[in-house]
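Please examine the sequence and the model before reading on.

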Amino acid sequence: MAPVSLVLLHSVCGLTPDVRAAAERLRAAGHEVVTPDLFDGRTAASVEEGMRMREEEGSPDRDELLRRAVAAAAPHSGKGLVYAGFSMGGSIAQTLALADRKARGLVLFSGTSDIPEDAAVDDLPVQLHVGDPDAFEPHDWLTAWYLRMQQAGADVEVHRYPAAGHLYTHAQLEDYDEEAAERTWRTVLGFLETL
């Protein structure tokens, strides 16, 4: 297995110890991981707190977050990156991967985004891991997202985890589900071995 280079983008909770632990897990498997801090050091202890933090005056809007993510990824993009992200970070990772012709893969943890009508990728490997149900990723949305991603040319896998919370891989949050998190990481590491 050749190691891959990943950009791992945090959720609305910021660059928390959970995101750092995820990056270390990927590094321990031999991969190179960049974890940009899109919130300039600010973190939140829950999704709700993170959403309130995002709404505060002076907080970066989506365009600014995208700009910061692009700036962090750019020095590494020549290698052919795997983009990955949690929740909000997943939506940003998806946007970046669909715009990067050299992208090697996309891993989404509980986060998707609209897909541009003109999106076109050549068999981009994509994995989505999501709790079932997830209030932020409802079934109807995910069905439409899956079909649209396939139409864009992606090779998509969706992994659902019954009764897992939204950020179920984050051990420091209420949503944490150890069994689902471990299954997710086994699947993700196996996926990365195929790229």
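## Terms and model

Helices are DSSP runs of H or I with at least four residues, numbered from the N terminus. The structure described here is a predicted model.

## Salt bridges

Side chains of opposite charge can pair when their charged atoms come close. A search of the whole structure finds seven salt bridges.

Arginine 27 and glutamate 24 both belong to helix 1 (residues 17-28), where they are three residues apart, about one turn of the helix. Their side chains meet in a salt bridge of 2.6 Å, N to O. Arginine 27 counts as partly exposed because its relative accessibility is 31%, and glutamate 24 is likewise partly exposed, at 46%.

## Links between distant parts

A salt bridge joins lysine 79 to glutamate 32, with the closest N and O atoms 2.8 Å apart. This pair links distant parts of the chain, 47 residues apart: lysine 79 lies in the loop between helix 3 (62-73) and strand 3 (82-86), and glutamate 32 in strand 2 (residues 32-34).

Glutamate 56 and arginine 42 also form a salt bridge, their closest N and O atoms being 2.6 Å apart. Here glutamate 56 is in the loop between helix 2 (47-55) and helix 3, while arginine 42 is in the loop between strand 2 and helix 2, 14 residues apart.

## Network and surface patch

Salt bridges link Asp40, Glu64, Arg67 and Arg68 in a network.

Asp122, Asp123, Asp155 and Glu157 form a negative surface patch. Aspartate 123 is located in the loop between strand 4 (105-109) and strand 5 (125-132). With 55% relative accessibility, aspartate 123 counts as exposed, because exposed means over 50%.

Definitions and conventions. Residues are numbered from 1 along each chain as its sequence is written. This is a predicted model: local features need pLDDT of at least 70, side-chain atom pairs count only at pLDDT 80 or more; totals for chains, interfaces and linings use all residues. Side-chain values use heavy atoms; hydrogens and water are left out. Patches are made of residues with over 30% relative accessible area and no salt bridge: like charges are joined within 9 Å, nonpolar side chains (Val, Leu, Ile, Met, Phe, Trp, Tyr) within 5 Å. Accessible areas come from the Shrake-Rupley method with a 1.4 Å probe; for residues, only the protein chains shown count as cover. A salt bridge is a side-chain nitrogen of Lys or Arg within 4 Å of a carboxyl oxygen of Asp or Glu. Lys and Arg count as positive and Asp and Glu as negative; His and the chain ends are not counted. The place of a charge is taken as NZ of Lys, CZ of Arg, CG of Asp or CD of Glu. Helices (H or I, at least four residues) and strands (E, at least two) are DSSP runs, numbered from the N terminus. Buried means under 20% relative accessible area, exposed over 50%, partly exposed in between (1.4 Å probe, protein chains only).
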